[in-house]
Amino acid sequence: MAERPEDLNLPNAVITRIIKEALPDGVNISKEARSAISRAASVFVLYATSCANNFAMKGKRKTLNAGDVLSAMEEMEFQRFVAPLKESLEVYRREQKGKKEARKDKDKKADSEEQDKNREEDNDEDDERMEEEEQNDEEEVDN
C-alpha cells in the first residue's frame with residue numbers, strides 16, 4: 001500500500017496526454033485543474049478497484065478479473081461505459097490471442113528450421129561415413 005496519498009497519483013504525463021486528447025485544439029488547462037483531474041482519476045481508480053474487489057470476494061477469489069471490473073462499473077452507476085469497455089476487452093483479447101498464435105507459429109517455424117538443420121547435419125554425416133566406407137572398400141580391394 002502507498003504510504004502517502006500523493007503516492008497514489010497517476011503520472012502527470014499520462015494525465016496531460018489524456019486531457020489533451022479529450023479537449024478541443026486551442027483549449028488550455030491550468031496546472032491546478034490538471035492536478036485536480038489527476039486526484040479525481042486516482043480516487044476513481046481506487047473506488048473502482050474496491051468495488052471490483054468486493055465482487056471477487058463474493059466469488060471467494062483473490063484475483064480481480066474483467067468481469068469484476070464490469071460489474072463494479074454497473075454498481076457505481078457507470079452503465080454507459082460497460083458496453084465500450086466490453087468492446088475494448090474483446091479487442092484486447094483478440095490481440096492477445098493473435099500474439100499468442102504468432103508466437104506459437106514462430107516457435108513452430110524455429111523448431112522446423114532446427115529439425116531441417118539437424119537433418120542436413122545427419123545427412124552430411126551419413127554422406128561422409130559412406131565416402132569413408134567406399135574408400136575403405138576400395139583400399140581393401142586394392143590390397
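View 1. Lys100 is exposed, its relative accessible area being 53% (exposed means over 50%, buried under 20% and partly exposed in between, with a 1.4 Å probe and protein chains only). The model is predicted: local features need pLDDT of at least 70, side-chain atom pairs count only at pLDDT 80 or more, and totals for chains, interfaces and linings use all residues. Residues are numbered from 1 along each chain as its sequence is written, and side-chain values use heavy atoms, with hydrogens and water left out. Lys100 belongs to helix α4, residues 79–142 (helices are DSSP runs of H or I with at least four residues, strands are E runs of at least two, and numbering starts from the N terminus). Together with Lys99, Arg103, Lys104 and Lys108, Lys100 forms a positive surface patch. Patch members have over 30% relative accessible area and no salt bridge, like charges being joined within 9 Å and nonpolar side chains (Val, Leu, Ile, Met, Phe, Trp, Tyr) within 5 Å. Lys and Arg count as positive, Asp and Glu as negative, while His and the chain ends are not counted. Each charge is placed at NZ of Lys, CZ of Arg, CG of Asp or CD of Glu.

**View 2. The salt bridge of Arg93 and Glu90.** In helix α4, Arg93 and Glu90 lie 3 residues apart, about one turn of the helix. Their side chains meet in a salt bridge with an N to O distance of 3.6 Å (a salt bridge is a side-chain nitrogen of Lys or Arg within 4 Å of a carboxyl oxygen of Asp or Glu). Arg93 is partly exposed at 43% relative accessibility, and Glu90 is likewise partly exposed at 38%. The structure holds 2 salt bridges.

**View 3. The salt bridge of Arg61 and Asp68.** Arg61 pairs with Asp68 in a salt bridge whose closest N and O atoms are 2.8 Å apart. Asp68 counts as buried, with 4% relative accessibility, whereas Arg61 is partly exposed at 31%.

**View 4. Ala52 and the annotated span.** Ala52 is part of helix α2, residues 31–58, and is buried at 1% relative accessibility. Its C-alpha atom is separated by 8.2 Å from that of Met73, 21 residues apart along the chain. An unreviewed UniProt entry annotates residues 9–73 as "domain: Transcription factor CBF/NF-Y/archaeal histone". In residues 9–73, the end C-alpha atoms lie 21 Å apart, and the span is 72% helix and 0% strand.

Key:
Accessible areas come from the Shrake-Rupley method with a 1.4 Å probe; for residues, only the protein chains shown count as cover. UniProt positions are given in the numbering used here, feature names are shortened, and annotations may be inferred rather than shown by experiment.
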